[in-house]
Amino acid sequence: MPVTLVVRRLAGASTPTDAELPPLVFDAPRIVLGRSESCDLRLPDPSVSTRHASIRASGAGYSVLDEGSTNGTRLNGERLTPQVPRQLRTGDELALGRMHLTVRLGAAVPTNPHATRELAMAIVARQLGETASVKVVVVSGVDAGASLALHVGQPRTVGRDPRCALRLTDRGVPPISLEIQVEGTRTKVTRRDGRVPATLDGKPVEVGASLVWFDRGRLELASTILELDDPLARALDASAEGVDEKVAPAEPPPPAEPPPVAPASEVPSPPSAAAVVEAQFPSVRSGLVRGPMPERRKNWRGATVAFEVVALILGLVVLAGSAAGLWWLLRR
């Protein structure tokens, strides 16, 4: 199953760079991440070690392993123990020094092997800014000192013809001798006229052939020598050298402030039992405490008094009858 890696945030950048840095798709049992030229995904930042981490096939998925880097590898903010693999899932965030990557797992078409260098060059270009442009410089001949800036996707011609972007006055140079174009991170030169010999770093350039022109490479045409000046390539090569730059660990967020505590004088006292009863039983409050006695309760109390009076009268009648009967018996 392929794994897609997207550079989400660059060192010192304030915004994501998705539009500028396309994702890279790998389909291999091991993908090495680091600053070295030999890495599968090259991250030219001094906070990234030359061999920083690796992503390895693990069953049906992938796991990430820190290779003992200087600044460590973080998975979703958690620093990994060196040489201990951790399973990856789609959407996981990896932090290698100041470089941050997003992981996507699933079907995708693997990218061209040159894409990793192009992405590394794009990172370097972002760091150096617009001043780092590729150009051709005349280092020897009657036109020494002349130069021509190159831009991606814009072919430029070199020759004696006035319409050429870099016009040479060397009489041995054909009118339109060379065509130079920047394609991605590579500069290519094509020979258009074969009337005079031409060599690139000592190797003959055939008519119609397109060759990659590397930084500091020299092209000889008649008595003129041209040299390619590619500061991005030099910066990329220099990034693999030197020691790792240690990055201070991110400071933990400050603890949350505890809620304010009211002074003792302002703390309300708990309600009394009577207040609780009054709040829950309004009828009790109105009938027993503050309000007048309900009418039903009054009637019940009046009936009780009348019953007691009747019972008293009946008792007196029975007592009188008993006394009269006793007196009658005694007289006999």
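**Entry 1: the chain overall**

I started by counting elements, and the chain has five helices and 22 strands. I keep in mind that this is a predicted model. Next I looked up burial: 33% of the 332 residues count as buried. For the surface, I noted that the chain exposes about 20200 Å², with carbon and sulfur atoms supplying 57% of that area.

**Entry 2: the open sheet**

Then I turned to a sheet. In what order do its six strands run? I read β13-β12-β22-β21-β18-β19, an open sheet with antiparallel pairing. I looked for the edges too: they are β13 and β19 (203-204), each of which pairs on one side only. A reminder to myself: strands of a sheet pair through backbone hydrogen bonds, either parallel or antiparallel.

**Entry 3: strand by strand**

Strand β12 (residues 134-140) and strand β13 (residues 147-150) run antiparallel and are joined by four bridges. Here I saw lysine 135 standing opposite alanine 149 of β13. The hairpin of these two strands has six residues between them, and I noted that glycine 141 takes a positive phi near 120° there.

I moved on to the next neighbour of β12. Five bridges join β12 to strand β22 (residues 224-229), again antiparallel. Which residue of β22 is the bridge partner of valine 137? I found glutamate 227.

From β22 I stepped to strand β21 (residues 218-221), which pairs with β22 in the antiparallel sense over four bridges. In this pair I picked out glutamate 220, which stands opposite isoleucine 225 in β22.

**Entry 4: two helices that meet**

My last stop was a helix pair. I recalled that two packed helices are described by the angle between their axes and the distance between the axes. For helix α1 (residues 115-128) and helix α2 (residues 231-239), I noted axes that come within 9 Å and cross at roughly 100°. Angles of 65 to 115 degrees count as roughly perpendicular, so α1 is roughly perpendicular to α2.

Which residues make the contact? On α1 I listed Arg117, Ala120, Met121, Val124, Ala125 and Leu128. On α2 I listed Pro231, Leu232, Ala233, Ala235 and Leu236. Sorting them by class, I got 10 nonpolar residues, no polar ones and one charged residue.

Conventions
Residues are numbered from 1 along each chain as its sequence is written. This is a predicted model: local features need pLDDT of at least 70, side-chain atom pairs count only at pLDDT 80 or more; totals for chains, interfaces and linings use all residues. Side-chain values use heavy atoms; hydrogens and water are left out. Buried means under 20% relative accessible area, exposed over 50%, partly exposed in between (1.4 Å probe, protein chains only). Accessible areas come from the Shrake-Rupley method with a 1.4 Å probe; for residues, only the protein chains shown count as cover. Two strands pair if DSSP finds at least two bridges between them. Axes are lines fitted to C-alpha atoms, for helices over the stretch in contact, and angles run from 0 to 180 degrees between N-to-C directions. Angles under 35 degrees count as roughly parallel, over 145 as roughly antiparallel, 65 to 115 as roughly perpendicular and the rest as oblique. Contact means heavy atoms within 4.5 Å. Ala, Val, Leu, Ile, Met, Phe, Trp, Tyr, Cys and Pro count as nonpolar, Asp, Glu, Lys and Arg as charged, and the others, Gly among them, as polar.
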